[in-house]
Amino acid sequence: MEMTLRWYGSKFDTVTLKQIRQIPGVTGVITTLYDTAPGEVWDRGRIRALKEEVEASGLHIAGIESVNIHESIKTGQKDRDKYIENYIKTLENLGKEDLHLVCYNFMPVFDWTRTELARVRPDGSTVLAYTQKAVDDLNPEKMFESISGDMNGSIMPGWEPERMEHVKEQFAMYQNIDNEKLFENLKYFLEKIMPVCDQYEINMAIHPDDPAWSVFGLPRIIINKKNILRLMAMVDNPHNGVTFCTGSFGTNLDNNLPEMIRLLKGRIHFAHIRNLKFHSPDDFEEAAHLSSDGNFDMYEIMKALYEIGFEGPIRPDHGRMIWNEKAMPGYGLYDRALGAAYLNGLWEAIEKCKNHAGGSI
Ligand code: CS2
Ligand code: MN
């Protein structure tokens, strides 16, 4: 595995490449052209410029998160082929620049949902949190208003103001889309892009839905073992793979994370490692990465990744806001750096134990 950090680009991120370069063991970044709209073709020159900027700092681009999918593709509109063509051109441009990992999601309308961006924990840190009750009491616009004051001046992925302006029309597009239809549209998209992925050796890595159930009545499919295995079998090509995000699959306590990792052997191209602390099954907050701070056993998760021979990038997913840092909620430097160091420590210990003691731990 390779330890990486997500970086939104110098125009959008409070964290610099120089700072990332100084986190022990972090050698790459996961980045994107954050100001491109879903459906747009990524310009090859811009991709190259981004790559050169990252490389000048002594790091490299380990993957792209995300190339977002246009709602026409998700809802299967008549004009979807045009947007798929554009997506293929973007993949070609990435492939020509020697980039081979693309994270994306297939969540209707917006990306992950949290009801608070700055819940205060007993230690005084602030974290992203979710309570089902808050979702049940609000509509998306009201929720956006109630959380936008805590964005620290950043643009949150999936909750961009432009997106919120069109939220009603976007909801209307999903009126006749159920989970089955969404699966069908995802299959259609993946089948169309697999040839270019084969040609340029691009691993597509779908990010699970977060939380792993329907919000605001919208369909959601990448939520559990059964559905993710179904998707792998539906388009049975190794380039159709997964971003294994523990904090997203883990929102549903019925999901056994180490078991799912083992079942997805060969198809996990990217891992997001994050811990959650549950107060009830539908009230949780994003804890520090350390196992004892939340509900997940991080050692078992890392061991499962090690045992399936995982070689892709890992990034410590969202961190807490600590030490008075002001950054995009979930994406400050300090707690993610602590997370990277901790996960690297677990990995080193697992590796060394495996190599001694006749391979058993
Ligand atoms: C989130 C998402 O959980 C996460 O990693 O920050 O924004 C994620 O990057 C996207 O869903 C991937 O497409
Ligand atoms: Mn994630």
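Contact in these exercises means heavy atoms within 4.5 Å. The model is predicted, so local features need pLDDT of at least 70 and side-chain atom pairs count only at pLDDT 80 or more, while totals for chains, interfaces and linings use all residues. Residues are numbered from 1 along each chain as its sequence is written, chains are lettered from A and ligands numbered from 1 in the order in which they are written, and side-chain values use heavy atoms, with hydrogens and water left out.

**Exercise 1. Determine which residues Leu33 touches, and whether Leu33 is buried or exposed.**

Step 1. Leu33 is placed in the loop between β2 and α2, where helices (H or I, at least four residues) and strands (E, at least two) are DSSP runs numbered from the N terminus.

Step 2. When residues up to four places away in sequence are not counted, Leu33 touches Trp42, Arg46, Ile47 and Leu50.

Step 3. Leu33 has a relative accessible area of 7% and is therefore buried, the classes being buried under 20% relative accessible area, exposed over 50% and partly exposed in between, with a 1.4 Å probe and protein chains only.

Step 4. Asp35 lies in the loop between β2 (26–31) and α2 (44–56), but Asp35 is partly exposed, with a relative accessible area of 37%.

**Exercise 2. Identify the protein donors of the manganese ion (ligand 2) and explain why the arrangement is irregular.**

Step 1. Donors are N, O and S atoms within 2.8 Å of the metal (3.2 Å for Na, K and Ca), and because water is not among the atoms, sites may look incomplete.

Step 2. The protein donors of the manganese ion (ligand 2) are His207 (NE2), Cys245 (SG), His272 (ND1) and Asp317 (OD), which lie 2.2 to 2.5 Å from the ion.

Step 3. Along the sequence, these donor residues follow the spacing H-x37-C-x26-H-x44-D. Cys245 belongs to strand β8 (residues 240–245) and Asp317 to the loop between β12 (313–316) and α14 (334–355), so the pair ties together parts that are 72 residues apart in sequence.

Step 4. Four donors count as tetrahedral if all angles lie between 85 and 135 degrees; four count as square planar and six as octahedral if opposite donors are over 155 degrees apart and all others between 65 and 115; anything else is irregular. The six donor atoms around the manganese ion (ligand 2) subtend angles of 50 to 173°, and the arrangement is therefore irregular.

Step 5. Cys245 is buried, with a relative accessible area of 0%. Leaving aside neighbours within four places in sequence, Cys245 is in contact with His207, Pro208, Gly250, His272, Arg274 and Asp317.

**Exercise 3. Describe how helix α9 and helix α10 pack, and which residues make the contact.**

Step 1. Helix α9 (residues 179–200) and helix α10 (residues 225–234) pack at an angle of about 40°, their axes being 10 Å apart. Axes are lines fitted to C-alpha atoms, for helices over the stretch in contact, and angles run from 0 to 180 degrees between N-to-C directions.

Step 2. The contact is made by Glu180, Phe183, Leu186, Lys187, Leu190 and Glu191 on the α9 side, and by Asn227, Arg230, Leu231 and Met234 on the α10 side.

**Exercise 4. Locate the cis peptide bond from Asp210 to Pro211 and describe the surroundings of Asp210.**

Step 1. The peptide bond from Asp210 to Pro211 is cis, with omega near 0°, and Pro211 lies in the loop between β7 (203–207) and α10.

Step 2. Asp210 is buried, at a relative accessible area of 1%. Not counting residues up to four places away in sequence, Asp210 touches Met107, Trp112, Thr113, Arg114, Arg220, Gly247, Ser248, Thr251 and Arg274.

Step 3. Asp210 and Phe249 are 39 residues apart in sequence, and their C-alpha atoms are 7.3 Å apart in space.
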